[in-house]
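Work through these exercises with the structure open beside you. Try each task before you read its solution.

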Amino acid sequence: MKDFQELISSYRNFPRKGIVFKDLLGILKDPDAFKELIYTMSEDEVIKNCDAIACIDARGFIFGSPIAFNIGKPMVVLRKPGKLPGELITADYELEYGKNSLSIQKSSIEKFSSFAIVDDLLATGGTANCAYSLLSKLGKEVTGLSVVAELRNLNARQILEMEVVSQIEL
Ligand code: AMP
């Protein structure tokens, strides 16, 4: 098992004062670690039990697309404002460092009844919760959230109404 912690860098006061930004991109520079991570994430029940993988813009795409490719499941995207064409369903949320919204193309999810949400990092849980609300309001089942890393001290699990799987605790 690779030591993922040593591949993650911390940047104080980025993108705002008071935030310690966790940069996971070091994992991508180590192909063995990246492969191990994707294979491990793909094995989880949250991923195995879903019809499709719903990835969160933008760093969720980095990890969600190889998982979808690896296990041969469809992938859909939840994107930030101004990125998606067509008929959209949108919800607002608060971030550890600001406000934002996520949209999904209505047509992208019609065929599927259950989704695993994938993102790079779980902080306050606002983003994941927004993705969960969007999908569940549309009558979709959410099998859970799979993230690479989790900031445990922020206690996001307390507010999330779905199973959470993380590979690294920071
Ligand atoms: P949250 O909604 O607070 O759980 O924030 C999760 C989202 O914001 C993820 O998509 C992360 O990419 C990003 N994010 C929030 N806080 C951090 C952090 N300290 N370091 C890196 N990314 C973060």
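**Exercise 1. Which residue in strand 9 is the bridge partner of Ser-146?**

Solution. The bridge partner of Ser-146 is Val-165. Before going on, note that this is a predicted model, in which local features need pLDDT of at least 70, side-chain atom pairs count only at pLDDT 80 or more, and totals for chains, interfaces and linings use all residues. Residues are numbered from 1 along each chain as its sequence is written, and side-chain values use heavy atoms, with hydrogens and water left out.

Step 1: find the elements. Helices (H or I, at least four residues) and strands (E, at least two) are DSSP runs, numbered from the N terminus. Strand 8 covers residues 141-150.

Step 2: look at the pairing. Two strands pair if DSSP finds at least two bridges between them. Strand 8 and strand 9 run parallel and are joined by 5 bridges.

**Exercise 2. Give the strand order of the open sheet and name its edge strands.**

Solution. Step 1: the sheet has 5 strands in the order 4-3-7-8-9, with parallel pairing. Step 2: the edges are strand 4 (75-78) and strand 9 (164-169), each pairing on one side only.

Step 3: check one end. Strand 3 and strand 4 pair in the parallel sense over 4 bridges. There, Ile-53 has Met-75 in strand 4 as its bridge partner.

**Exercise 3. Describe how helix 3 sits on the sheet.**

Solution. Step 1: helix 3 (residues 59-71) packs on the sheet and touches strand 3 (52-56), strand 4, strand 7 (114-122) and strand 8. Contact means heavy atoms within 4.5 Å.

Step 1: its direction makes about 165° with that of strand 3. Axes are lines fitted to C-alpha atoms, for helices over the stretch in contact; angles run from 0 to 180 degrees between N-to-C directions.

Step 2: strand 3, helix 3 and strand 4 make a right-handed β-α-β unit. Right-handed means that, with the strands pointing away from the viewer, the path from the first strand over the helix to the second runs clockwise.

**Exercise 4. Is Val-164 buried or exposed?**

Solution. Step 1: Val-164 is found in strand 9. Step 2: take the cut-offs: buried is under 20% relative accessible area, exposed over 50%, partly exposed in between (1.4 Å probe, protein chains only). Step 3: Val-164 has 11% relative accessibility, so Val-164 counts as buried.

Step 3: list its contacts. Not counting residues up to four places away in sequence, Val-164 touches Leu-122, Leu-145 and Arg-157.
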